[in-house]
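Morning, everyone. Let me put the model up, and then we'll walk through it.

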Amino acid sequence: MNPTYLLAAVDLVAVLVLALAVYYPRHRRADLVTAFVAVNVGVLAVTIVLASSAATVGLGLGLFGVLSIIRLRSDELGQHEIAYYFAALAIGLLGGLGTGDVGLSIALMVGLVVVLALADSRLLHATGLRQVVVLDRAVTDERELVTRLELLLDARVTRVTPVRVDLVNDTTTVEVHYAAAPRPAMPRAERHDVPAVTR
């Protein structure tokens with residue numbers, strides 16, 4: 001089988017797994033699934049056409065750099081979504097340009113998908129959640145702030161960064177990093193006391 005066709009096929013499988021099996025079940029944004037696949041296929045097509053150029057390496061790095069600075073002003077992207085964009089771009093470049101070794105190119109594409117799946121796993125995020133919270137009181141004492149946030153979020157706060165303390169409107173905006181507290185299991189005796197929901 002022609003190595004170009006093989007790498008293109010592996011690229012398509014890899015980006016579909018990345019977008020549909022890794023990203024979408026965790027974040028539920030169908031619009032970004034379309035964007036990841038479209039960016040990947042576009043990069044793949046361009047790099048295959050231009051792969052015969054003498055400046056193949058420079059082309060790959062230049063294309064990666066140009067596409068990486070594109071900013072979508074219609075929506076704000078989270079850091080994890082930017083990571084998926086980079087992965088889709090990298091997989092497209094590997095599929096179109098390759099490395100001279102088909103096996104290595106395929107291994108790198110598979111490795112990107114696996115590494116991102118592990119890095120974006122629920123186990124990691126359960127111990128590293130982040131939110132920006134607005135409290136209806138101006139709090140300047142860090143201990144009191146941590147106590148209020150732990151009661152509000154029912155979690156263990158690991159770090160707080162005050163963003164704004166408004167003494168006039170009596171509000172506090174704070175960036176909080178926390179780990180979700182495990183919910184205690186309901187005692188067996190109490191389970192029978194919970195009424196059944198009828199429709």
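Start with a definition. A salt bridge here is a side-chain nitrogen of Lys or Arg within 4 Å of a carboxyl oxygen of Asp or Glu. Arg 29 forms one with Asp 31, with the closest N and O atoms 2.9 Å apart.

Two words on the source. This is a predicted model, where local features need pLDDT of at least 70 and side-chain atom pairs count only at pLDDT 80 or more, while totals for chains, interfaces and linings use all residues. Residues are numbered from 1 along each chain as its sequence is written, and side-chain values use heavy atoms, with hydrogens and water left out.

Now the overall picture. The protein chain has 8 helices and 3 strands. Those are DSSP runs, numbered from the N terminus: helices are H or I with at least four residues, strands are E with at least two. Along the sequence, the pattern reads α-α-α-α-α-α-β-α-β-β-α. Of the 199 residues in the protein chain, 30% are buried. Buried means under 20% relative accessible area, exposed means over 50%, and partly exposed is in between, with a 1.4 Å probe and protein chains only. The accessible surface of the protein chain is about 13,000 Å², and 62% of that belongs to carbon and sulfur atoms. Areas come from the Shrake-Rupley method with a 1.4 Å probe; for residues, only the protein chains shown count as cover.

Contacts next. Contact means heavy atoms within 4.5 Å. Take the contacts in the protein chain with a separation of 6 or more: 63% of them come from residues 24 or more positions apart.

Back to the charges. How many salt bridges does a search of the whole structure find? The count is 5. We have seen Arg 29 with Asp 31. Glu 81 also bridges to Arg 29, with the closest N and O atoms 3.3 Å apart. Glu 81 sits in helix 4 and Arg 29 in the loop between helix 1 and helix 2, so this pair ties together parts 52 residues apart in sequence. Glu 81 counts as buried because its relative accessibility is 5%. Asp 31, at 45%, counts as partly exposed. Another bridge joins Asp 166 and Arg 164, at 3.6 Å between the closest N and O atoms. Asp 166 is buried at 12% relative accessibility. Arg 164 is exposed at 55%. Through shared partners, Arg 29, Asp 31 and Glu 81 form one network.

Asp 11 is in helix 1, residues 3-27. Asp 11 is buried but has no salt bridge. Where is the nearest side chain of opposite charge? That is Arg 26, 19 Å away. For the charge count, Lys and Arg are positive, Asp and Glu negative; His and the chain ends are not counted. Beyond neighbours within four places in sequence, Asp 11 contacts Asn 40, Leu 44, Ile 91, Gly 92, Gly 95 and Met 109.

On to the rings. Rings of Phe, Tyr and Trp (its six-membered ring) pair if their centres lie within 6.5 Å; planes under 30 degrees apart are stacked, over 60 edge-to-face, and the rest tilted. That rule gives 4 aromatic pairs. One of them is Tyr 23 with Phe 36, edge-to-face, 5.0 Å centre to centre and 85 degrees between the planes. Tyr 23 is in helix 1 and Phe 36 in helix 2, 13 residues apart. Both are buried. Phe 36 also pairs with Tyr 84, this time stacked: 5.8 Å between centres, 20 degrees between planes. Phe 36 is in helix 2 and Tyr 84 in helix 4, residues 79-97, so that pair ties together parts 48 residues apart in sequence. Phe 36 is at 0% relative accessibility, and Tyr 84 at 1%. Tyr 23, Phe 36, Tyr 84 and Tyr 85 form one aromatic cluster.

Last stop, strand 1. Val 133 lies there, within residues 129-135. Val 133 is buried at 9% relative accessibility. Leaving out neighbours within four places in sequence, the contacts of Val 133 include Leu 149, Leu 152, Thr 172 and Val 176.
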